[in-house]
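Subject: Structure for your attention

Dear colleague,

Please find below the structure that I am handing over to you. I would be grateful if you kept it open while reading the notes that come after it.

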Amino acid sequence: MKRYAKLYWLYAKNHFKVMMEYRMDFLIGVLSVFGQQFAALFFLSIVFRHIESLNGWGFYEILFIYGIAFLGRAVHHIFFDNLWTIGWQYIRTGNLDRILMRPVNPLFQIVAERVQQDGFGQLLIGGSVLWLASNELGMTWSMMDILVLLVMVLASGMIYIAVNLFFATFSFWMIDSLPVVFAVFSLSDFARYPMTIYSKVIMFVLTYIIPFGFTAFYPAMYFFEGRGFTMFALATPLVAMLSLVIAYRFWLYGLRAFASTGS
Amino acid sequence: MSQSAIEVRDLVKHYQILERDAGLKGAIKALFSRKYRTKEAVKGIDLSIAPGERVGYIGFNGAGKSTTIKMLAGVLRPDAGSVRIFGIDPHEDRIQNARQIGAVFGQRTQLFWDIPVRESFDLLREIYEVPRAEFAETVAWFIARLQLEPLLDVPVRQLSLGQKMRCELAAAFLHRPRVVYLDEPTIGLDIDIKETIRAFIREISDAWGTTVILTTHDMQDIEEVCDRVIVLDEGRIIYDDRIETLKQTFNNERTLEITLDEGTSFTVPPSVTGLVTELTSDQETDTIQLAFNHHEISSGQLIREIVNCNQVKDLSVVVPKMETLIRNLYQPEVSA
Amino acid sequence: MRLKKYVALASSQIKVDMAYTAWYWASMFSVTMRLFILYFFWQAVYENKTDVSGISLSMMLTYAVLATMLDQFRGGAGRELAHLIKHGGVAVELLRPYHLLDKLLAQDIGTKTSTFFRSTLPLLVIAMLFIGVDPPTSLESAFAFSISVVLAILLATLIDLLVGVLSFYTVNVWGLSVLQEAVITIMSGAIIPLTLFPDWFQTISLYLPFASLVYVPVAIYTGDIQASGIWPSILIQLAWVGAFFLFVRLLFAYAVRKVTVFGG
């Protein structure tokens with residue numbers, strides 16, 4: 001374990017050095033993320049100039065949900081962005097072979113080989129949005145609450161990671177399953193809004209099948225009083241861990257199958 | 001009995017290849033029924049390689065070489081048979097085996113693309129858990145042998161092919177692996193760099209007793225680096241012996257190239273009629289090439305006979321190259 | 001005579017795009033999901049209201065669907081050009097017996113036509129079945145809409161081309177491109193009708209070309225722009241198209257001259 005921590009630190013140090021060289025790209029990355037998220041928030045604020053509440057949800061409540069989604073997404077983006085590239089960068093090129101010849105867990109290597117620093121911008125925006133929303137809602141934060149928030153954000157990130165890993169594993173059979181991962185992730189946009197606005201079917205899918213509901217809405221419910229869904233909120237960390245276990249198991253299965261069929 | 005480095009028994013590997021008709025109709029059919037064809041890449045091979053041996057592993061493209069290497073490296077699981085690298089199953093005990101192997105895979109890099117070579121080496125040190133002092137010594141040695149000093153602070157992506165190859169080679173040996181797989185390490189390189197690399201491989205494996213498996217299309221590599229050669233054809237081993245033996249066994253065929261005086265014609269001396277075969281003849285340049293078996297008639301004897309009956313201006317005896325020897329393995333023209 | 005050449009280029013592009021790949025299905029799915037999210041969102045917005053700023057739910061949904069469709073036609077030619085410039089292919093293209101800009105435009109039109117048939121139409125069908133798209137308010141508005149849409153797509157292509165041409169001048173045009181995408185998304189009305197924006201915002205957008213990209217055509221269709229405003233809006237669109245066309249051509253010609261004089 002300690003060895004892996006040391007290794008990761010070495011990888012990360014190198015990424016940082018490289019980032020300093022590619023300053024322009026880093027800035028652009030931050031700007032593009034900023035742009036997208038700004039557009040989404042702008043949209044919301046315009047709509048709320050004309051209405052009081054959305055399905056019973058106020059502007060700042062929705063903003064709070066957004067904030068958690070941003071933060072979870074940021075965690076995934078900063079540390080696990082390389083999962084997107086498994087198909088075209090590792091399997092198609094045969095780079096996976098080189099990884100398998102090293103005495104280190106292959107998934108660890110793939111993940112460690114990329115750190116997306118522009119995700120920190122995303123963290124900042126998510127954090128600011130969350131802070132703004134909680135202020136406007138008059139929320140109070142005890143030590144316990146802050147801890148829970150941290151856990152929820154991590155859990156949210158873990159779910160993004162798990163879904164990404166699960167569908168990226170299809171690359172072992174498809175060579176590059178990126179279109180599939182991309183399609184599945186388009187479902188994550190549902191999670192930005194309070195799930196109560198959706199039909200029963202969609203809520204079911206986002207709760208029990210692809211658990212994006214637990215990336216923002218359900219965890220947020222822990223912090224709202226009288227909104228219900230408490231059981232779901234508390235289940236978030238469990239769902240996150242379960243998702244990761246399932247995804248990792250599937251990854252190991254895919255790796256074994258890949259070693260049998262070759263490329 | 002000391003443990004062998006590589007022990008392979010009845011190794012088999014099949015691939016399933018999707019069969020698909022061409023065109024749009026084929027694409028639609030493929031959605032509904034998938035028809036597979038089995039390609040037998042490796043059809044049951046046995047290998048026994050002792051520690052410290054340097055083996056050339058050759059064959060045509062598609063013969064099954066990279067499939068074998070991948071199974072030895074633990075990347076591919078055999079369909080049948082067993083592989084043991086110093087007693088370890090490379091696929092089942094992947095991580096344990098990974099500690100004792102190194103590799104250079106032609107085009108794909110073992111190094112880290114964006115960072116200076118020096119940092120790549122450092123990262124590898126950590127990955128293979130090599131003690132610092134020992135590592136520093138090794139690196140210094142390699143830097144000297146491969147002239148890596150000016151490259152250390154250059155990111156890998158900025159290196160030329162020759163520079164990159166030298167760094168790759170160093171990286172493969174850095175952690176003092178017991179077995180090293182080299183797949184086309186000299187492809188596309190200038191001759192002087194090839195020499196440097198060959199010398200490096202020899203020196204390191206002599207010093208450390210490293211077992212080397214070299215896959216290459218350059219026969220010069222084999223001749224200069226390896227002491228044993230294994231030939232793979234269509235998934236089976238058709239030759240496995242020391243290089244000297246190969247040369248002795250198949251080295252019977254010689255070619256005599258004769259240039260005659262202008263305007264004269266060539267007559268085959270009656271005493272050697274059955275012993276030579278005419279390969280080529282060119283009226284315009286007055287040249288002729290004859291093939292003969294030097295066990296049946298010595299070069300000297302043949303030359304004497306030819307010169308006696310013809311007006312020879314120039315001649316030379318050509319000893320077959322490695323390529324020819326290897327080719328003969330596929331289509332034995334001359335009996336052993 | 002010359003037109004035939006460009007038509008050939010356009011149709012070759014259509015063939016290239018006709019491959020039904022996993023990416024096709026992925027993007028169809030993703031846009032469909034986008035539409036559904038918008039549907040549920042607006043349903044929730046209109047829970048207790050019948051209209052927002054004069055727009056009914058069905059009108060808003062129609063707007064959302066059409067705007068999302070139109071937004072798909074943004075990029076293409078500019079990226080091509082930037083790529084050619086960055087990787088040096090532009091030198092070869094300048095030797096060919098056609099105008100590079102025209103070629104890029106023709107190719108882009110080909111791509112967009114194929115996009116229309118294999119993506120937009122099926123998506124519209126899905127939208128009509130599950131979300132509900134209003135018919136156009138009148139025959140005149142329908143006719144004006146079709147003209148306006150063509151102008152809007154043309155303008156979008158030209159703006160994209162402009163950003164591409166700028167890569168002659170700056171190395172890192174990517175930052176600009178990325179920023180421009182976000183800004184334009186908002187200001188074109190792609191996510192929300194401009195009439196919902198605060199007044200000062202609407203005044204600014206009168207002087208900018210972005211409204212002509214999405215808001216104008218879709219608003220003509222839904223009736224948000226009423227009869228009297230239709231043809232003036234189209235004229236403004238036409239003016240912007242013309243302006244950008246000239247501007248891009250001038251910048252391009254100047255850049256080429258600069259490059260050939262100083263030896264790119």
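This is a predicted model: local features need pLDDT of at least 70, side-chain atom pairs count only at pLDDT 80 or more; totals for chains, interfaces and linings use all residues.

Chain A on its own

Chain A contains 13 helices and zero strands. Read from the N terminus, its elements therefore run as α-α-α-α-α-α-α-α-α-α-α-α-α. The C-alpha trace of this chain spans about 60 × 40 × 35 Å along its principal axes. For 263 residues, a compact globule would have a radius of gyration near 18 Å, and the 19 Å of chain A agrees with that. Of these 263 residues, 43% count as buried. Among the contacts in chain A with a separation of 6 or more, 78% are between residues 24 or more positions apart.

Chain A with chain C

How many residues does each chain give to the contact between chain A and chain C? Chain A gives 28 residues and chain C gives 30 residues. On the side of chain A, the elements that supply two or more residues are helix H2 (23-47) and H10. The largest share, 13 residues, comes from H2(A). By class, this side of chain A divides into 21 nonpolar, six polar and one charged.

One helix pair across this contact deserves a separate look. Two packed helices are described by the angle between their axes and the distance between the axes. Helix H10 (residues 178-185) of chain A packs with helix H2 (residues 22-45) of chain C at an angle of about 5°, and their axes are 8 Å apart. Angles under 35 degrees count as roughly parallel, so H10(A) is roughly parallel to H2(C). From H10(A), the residues A:Pro179, A:Val180, A:Phe182 and A:Ala183 take part; in H2(C) they meet C:Ala22, C:Trp23, C:Ala26, C:Phe29 and C:Ser30. The contact of these two helices has eight nonpolar residues, one polar residue and no charged residues.

Chain A with chain B

The contact between chain A and chain B takes 20 residues from chain A and 26 residues from chain B. On the chain A side, two or more residues come from each of helix H1 (2-21), helix H5 (95-100) and helix H13 (230-261). Which of the elements gives the largest share of this side? That element is H1(A), with six residues. The side of chain A that touches chain B has eight nonpolar, seven polar and five charged residues.

Points in chain B

Chain B is divided into domain 1 (6-248) and domain 2 (252-319). The C-alpha centres of these two domains of chain B lie 44 Å apart.

Two residues of chain B call for a note on their backbone. Most residues other than glycine have a negative phi. B:Arg176, however, has a positive phi, near 50°. This residue is placed in the loop between helix H6 (161-173) and strand S6 (179-183) of chain B. B:Glu234 also has a positive phi, near 50°, and is found in the loop between strand S8 (228-233) and strand S9 (236-242) of chain B.

Are these residues buried, exposed or partly exposed? A residue with 20 or more other C-beta atoms within 10 Å is buried, and one with 12 or fewer is exposed. B:Arg176 has 15 such atoms within 10 Å, so B:Arg176 is partly exposed. B:Glu234 has 15 as well and is therefore partly exposed.

Yours sincerely,
A colleague

Note on methods:
Residues are numbered from 1 along each chain as its sequence is written. Chains are lettered from A and ligands numbered from 1 in the order in which they are written. Helices (H or I, at least four residues) and strands (E, at least two) are DSSP runs, numbered from the N terminus. The radius of gyration is taken over C-alpha atoms; the globule rule is 2.2 Å times the number of residues to the power 0.38. Two residues are in contact if their C-beta atoms, placed from the backbone, lie within 7 Å. Domain bounds come from an automatic or database domain assignment. Axes are lines fitted to C-alpha atoms, for helices over the stretch in contact, and angles run from 0 to 180 degrees between N-to-C directions. Angles under 35 degrees count as roughly parallel, over 145 as roughly antiparallel, 65 to 115 as roughly perpendicular and the rest as oblique. Ala, Val, Leu, Ile, Met, Phe, Trp, Tyr, Cys and Pro count as nonpolar, Asp, Glu, Lys and Arg as charged, and the others, Gly among them, as polar.
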